[in-house]
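Welcome! Take a moment to look over the sequence and the model, and then read on for a short tour of a few helices and residues.

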Amino acid sequence: MNNELSRIGIIDIGSNSIRLVIYETTPEGGYRIIKESKYSARLSEKITKEGRLERESLETIVPVLLQFKMVCRVYSVTRIRVGATAAIRNAANSEEITAFLSDAAGMEIEIISGQQEAYFGFLGVINAFDVDDGFVIDIGGGSTEITLFQNRSYRHSISFPFGAVNTNVTFGNGGNWSGEQVRKLEAFVREHLEDCEWLHTGKGLPLYGLGGTLRTLGKIDQKGRKYSLPNSHGYIMYSDTIREFMETLPAMSYDKRKNLDGLSKSRADIIVSGLVIFHTVYQYIGAGQTVISGEGLREGMLHDLLEPAHPVRASALEYSLGTLRRLNNEASADFLNDVHKIAQSLYRALKVDGDAKEQEMLIYVSVMLYRLGANINYYQSKRHTRYWLMNSPIRGLTHRQLVLCSLIASYSTKSRKQKLSTEHKDILLASDEEWIHKLGSLVQLSAALDNNETGIRQQINPRLKGGSLDIEILGNQRSLLKLEEIDEALKVFRNSWGLKVKLEHISSSQHS
């Protein structure tokens, strides 16, 4: 392991499951997941009528925590943070529980308050999306947190002592729901929401969803639509989809629901209670859409541990790219920055129509990551780059932008003869095919023109004159090693842009 990297274990003792995630972290606060283990405990179901979690219910948890500790030892984890949420927090004997578990497992266990849980969920979301304003909902087994954020800052939050597991026990009938039961749970949730005036202050804002209920609904929707990018994070569900779930899932019998594609058998009973809570909140706040977040409580606990004074990043995209470059050091920063400068100068010289801000962002991301595939196989790097980016944890991009970046970054001379958007036509716009070729060939030409890695310093000055792009290359030497690469890239570029391109090499002494 790189000596600059360290490993941190986050253990989340939730109401439905207990989970360990091991993160490899960089000195800058970046991270990647290297191990995850999960145990389904359903603690919310074990709360007695007196509101206690008795010792016999906890005895089954101790071996799980001890095995998590062993996994951390095997993975050379240097710090472990253990947080207990709703089931233990809301128990009448919560302090007794944490004292017993801390002693038995030999790890300090902290009770995460409802407000902390909401805040950590917010940190997970805000560092995974480039969004200024919105709501966050985290539906756990025994609690539901709702947060409002504005200008990338935490504003308000509320934690309710009900979630998918304990409401299923109270309102569900072994997972078989009647219309009356659904209405009773809706009324119960609405009654609690009415205590918060700020829930009415963000009508139309997106609602970012955390927890197993939202991830599962997203998976079911993706399976039903045959969605071409099987990523949960960043997947958007609109009002008509959510309404359709409300019409179909509660009406299904538990046995039929167990066989639903995308729904695990262990969640077939509690998916309805989670859905009813979610739908009631969605309607109450007047949300415009729901965006599923793959990062939440555990990532928030990690951000808080790594950067307690400044846990919110200015840009999720820049933060994500910086982490990827640090953990996949396949090209020098100087080289990538030089290629980006050339790409930027070419793009701006072309004076193209369209969304310039988005196109420049697509160029930037594609340049910064176009060599990632070389980590797997240098000679097949384009193919591996495409797959890697399509399945990568790049935060701050929509699914459409992620697909575009993967196709632009992996563009090659063979790409010009292919219709690249076909496989993802459910995600891409009709106009995107043309831009994949234009921006892909531009990135490829920029990389060919750069001589940073040959040690030859030069300056590229492009100018558009009518239907021709004149590129002046100013330098002391002409790079003989890249002539073939430039020639191939120029052919594709001319074809994609429908332009004549004229290259002119000028020595520095001649220019002065």
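**Helix H13 and its neighbours**

The buried residues of helix H13 pack against strand E3 (31-40), helix H5 (114-126), helix H12 (297-306), helix H15 (356-369) and helix H16 (381-390). Buried means under 20% relative accessible area, exposed over 50% and partly exposed in between, using a 1.4 Å probe and protein chains only. Packing here is judged by contact, that is, heavy atoms within 4.5 Å. Helices (H or I, at least four residues) and strands (E, at least two) are DSSP runs, numbered from the N terminus.

This is a predicted model, where local features need pLDDT of at least 70 and side-chain atom pairs count only at pLDDT 80 or more, while totals for chains, interfaces and linings use all residues. Residues are numbered from 1 along each chain as its sequence is written, and side-chain values use heavy atoms, with hydrogens and water left out.

- In H13, the buried residues are Ala316, Leu317, Tyr319, Ser320, Leu321, Thr323, Leu324 and Leu327.
- The twelve residues of H13 (316-327) should span 16 Å at 1.5 Å a residue, and the end C-alpha atoms are 17 Å apart, which agrees; the expected span is 1.5 Å times one less than the number of residues.
- Ser315 caps the N-terminal end of H13, with a side-chain oxygen 3.4 Å from the backbone nitrogen of Leu317.
- H16 has its own buried residues: Ser381, His384, Thr385, Leu389 and Met390.
- Those buried residues of H16 pack against H15 and helix H17 (399-409).

**Where H8 meets H11**

- The axes of H8 (residues 212-225) and H11 (residues 270-285) come within 9 Å and cross at roughly 100°.
- That makes H8 roughly perpendicular to H11, a label for angles of 65 to 115 degrees.
- Thr213, Leu214, Thr216 and Leu217 in H8 meet Ile271, Gly274, Leu275 and Phe278 in H11.
- The residues of this contact divide into five nonpolar, three polar and no charged.

- Arg89 is found in helix H3 (residues 86-89) and is buried, with a relative accessible area of 15%.
- The side chain of Arg89 makes a polar contact (a pair of N or O atoms within 3.5 Å) with the side chain of Glu117, at 2.8 Å.
- Thr60 is found in the loop between H1 (55-59) and H2 (61-74), and is partly exposed, with a relative accessible area of 36%.
- The side chain of Thr60 reaches the backbone oxygen of Ser57 at 3.0 Å.

Conventions. Axes are lines fitted to C-alpha atoms, for helices over the stretch in contact, and angles run from 0 to 180 degrees between N-to-C directions. Angles under 35 degrees count as roughly parallel, over 145 as roughly antiparallel, 65 to 115 as roughly perpendicular and the rest as oblique. Ala, Val, Leu, Ile, Met, Phe, Trp, Tyr, Cys and Pro count as nonpolar, Asp, Glu, Lys and Arg as charged, and the others, Gly among them, as polar. A polar contact is a pair of N or O atoms within 3.5 Å; within protein, one must be able to donate a hydrogen and the other to accept it, and residues adjacent in sequence count only if both atoms are side-chain atoms.
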